[in-house]
Amino acid sequence: MMFRLVMILCMLVGCHADSSMHGHSADRSLVSAEDWVVVDAADDPLADHRPSDLRCSEDGIYVEAGILEIDTGRCAYVTLKQATGHALQQGDVVEITIYHDALYSDPPANAHLALLLDRTQLWQTIIPIPAESRLFSERFVVPNDLPVGTRIDFHVRNHGLNHWRLVSIERHT
């Protein structure tokens with residue numbers, strides 16, 4: 001419920017998170033929320049982070065209102081992949097926008113989020129848990145040209161029953 005209120009407010013008045021955010025549009029979007037596929041262990045570029053006792057129910061990964069949501073009570077570790085919808089050029093800026101509900105863990109822990117292009121990690125963040133709900137965007141520069149259809153991976157590792165939403169991944173030329 002809180003998420004829907006935040007998104008409605010953002011649409012009505014415009015949101016500004018930790019860094020400058022822009023409304024997302026299909027011509028800048030690198031991904032589609034509906035096209036993510038769970039990566040198996042043999043294909044996971046972050047396999048060294050993968051728990052040996054991994055249990056990830058795919059009903060914990062779903063799309064709601066055009067936004068990918070991960071319920072870590074059902075899937076505490078996941079790497080997802082798809083092909084980029086646009087080519088990227090060296091120097092392009094990629095912006096990832098994420099929202100999470102209030103984060104809980106007892107005892108306190110950390111969440112790890114990462115984004116990879118062509119199996120190379122270009123962005124990551126560690127978020128201490130517990131934490132208040134937050135909408136944030138971060139940007140990074142593309143180091144080399146990448147054709148349309150390049151593999152992109154989104155990774156979440158989390159302790160506790162939490163909800164993460166990948167709002168958008170966009171290119172800025």
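Trainee: Okay, which residues does Trp-36 touch, leaving out those up to four places away in sequence?
Mentor: Trp-36 touches Val-31, Leu-68, Leu-80, Lys-81, Gln-82, Ile-152, Asp-153, Phe-154, Leu-166 and Ile-169; a contact here means heavy atoms within 4.5 Å. Keep in mind that this is a predicted model, where local features need pLDDT of at least 70 and side-chain atom pairs pLDDT 80 or more, while totals for chains, interfaces and linings use all residues. Residues are numbered from 1 along each chain as its sequence is written, and side-chain values use heavy atoms, with hydrogens and water left out.

Trainee: Which residues touch the most other members of the largest nonpolar core?
Mentor: Trp-36, Ile-98, Leu-113, Leu-115, Phe-154 and Ile-169, out of 31 residues in that core. Such a core is a set of buried Ala, Val, Leu, Ile, Met, Phe, Trp, Tyr and Cys residues joined through side-chain atoms within 4.5 Å. Buried means under 20% relative accessible area, exposed over 50%, partly exposed in between, with a 1.4 Å probe and protein chains only.

Trainee: And which strand gives the largest share of this core?
Mentor: Strand 6, with four residues.

Trainee: Zooming out, how many helices and strands does the protein chain have?
Mentor: One helix and 10 strands. Both are DSSP runs numbered from the N terminus: helices are H or I with at least four residues, strands are E with at least two.

Trainee: In what order do the five strands of the open sheet come?
Mentor: The order is 1-4-9-6-7, with antiparallel pairing. Two strands pair if DSSP finds at least two bridges between them. Strand 1 (37–38) and strand 7 are the edges, each pairing on one side only.

Trainee: How many bridges join strand 4 to strand 9?
Mentor: Seven, and Val-78 stands opposite Val-156 in strand 9. Strand 6 and strand 7 pair over nine bridges; Leu-115 has Trp-123 in strand 7 as its bridge partner.

Trainee: What sits between strand 6 and strand 7?
Mentor: Two residues, in a hairpin; Asp-118 in that turn has a positive phi of about 55 degrees.

Trainee: Last topic: what share of the 173 residues is buried?
Mentor: Buried residues make up 43% of the protein chain. Among contacts with a separation of 6 or more, 80% are between residues 24 or more positions apart.
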